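Hi,

Here is the structure I promised to pass on.

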Amino acid sequence: KQFEGHTFENALNALKEKYAIGKVIVVADSGMMSKKNIAFFEQDGIAQTYEYIVGDRLKVLPHKIKEQLVDKKNYTTTIDVGKENESSPMKVCVLEHENKKIIGTWSAKREAKDKHDREARVAKAKQLLKMPDQLKKKAKNYYLKTSNKVDYELDEIRINEDAKYDGYKAIATNTKGISVEMVLEQYRHLFQIEHSFRTFK
């Protein structure tokens, strides 16, 4: 299987030519949108015909942007993204960064899930500390650190750092004339498609 990043530009151009599309808006997760692919959108003239909505890697954004996106005081807008007869409020923060918008979202539901997942990994890490034969193979996937590849301990700094991101997600877009609500709706459709595909597999 070829890495999608290498075929991205060719695939977009072929799609646009085959169907005579005037404007293409790509909706993708962060795994597809490498720096090379983002750079494609930033070429002169490209932004007029190609736009994107993509999950951003919150933890690797510049410190100034990241700190604003994990500060609940900046989340002043609430959008309900629940299904019919099901309320699911999400708070939103929008920042401008390098000719694009970074839309930060936070929800109590996602915060609870992130906390649960982290605590499960910590529990697994504690189990691994009692299984020396498994440590070398699995330590990197959990909150464990070592200075000599023999003695391991919980990485409390990493645990506390990850807790700062509970409930938050970042989405980047260079779209023009599309509301924040529409951007979030389109990205949610991507999540639903990928979830269905994983279930199918």
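Below is what turned up, starting with the sheet and moving on to the helices.

A quick word on the basis: this is a predicted model, where local features need pLDDT of at least 70, side-chain atom pairs count only at pLDDT 80 or more, and totals for chains, interfaces and linings use all residues. Residues are numbered from 1 along each chain as its sequence is written, and side-chain values use heavy atoms, with hydrogens and water left out.

Start with the open sheet: six strands in the order E1-E2-E8-E5-E4-E3, with mixed pairing. Strands (E, at least two residues) and helices (H or I, at least four) are DSSP runs numbered from the N terminus, and two strands pair if DSSP finds at least two bridges between them. E1 (24-28) and E3 (77-80) are at the edges with a single partner strand each, so one side of each has no neighbour in the sheet. E1 pairs with E2 (residues 50-56) in the parallel sense over five bridges; valine 24 has tyrosine 50 of E2 as its bridge partner.

Helix H4 (residues 108-128) packs on this sheet, touching E5 (100-106) and E8 (168-173). Contact here means heavy atoms within 4.5 Å.

H4 also packs with helix H6 (residues 156-163), at an angle of about 170° and with axes 11 Å apart. Axes are lines fitted to C-alpha atoms, for helices over the stretch in contact, and angles run from 0 to 180 degrees between N-to-C directions. The two helices are therefore roughly antiparallel, a label for angles over 145 degrees. Arg118, Arg121 and Val122 of H4 meet Arg158, Ile159, Asp162 and Ala163 of H6.

Finally, there are eight salt bridges, each a side-chain nitrogen of Lys or Arg within 4 Å of a carboxyl oxygen of Asp or Glu. One of them joins glutamate 111 and lysine 72, with the closest N and O atoms 3.4 Å apart. Glutamate 111 is in H4 and lysine 72 in the loop between H3 (63-69) and E3, so the pair ties together parts 39 residues apart in sequence.

Cheers

Notes. Angles under 35 degrees count as roughly parallel, over 145 as roughly antiparallel, 65 to 115 as roughly perpendicular and the rest as oblique.
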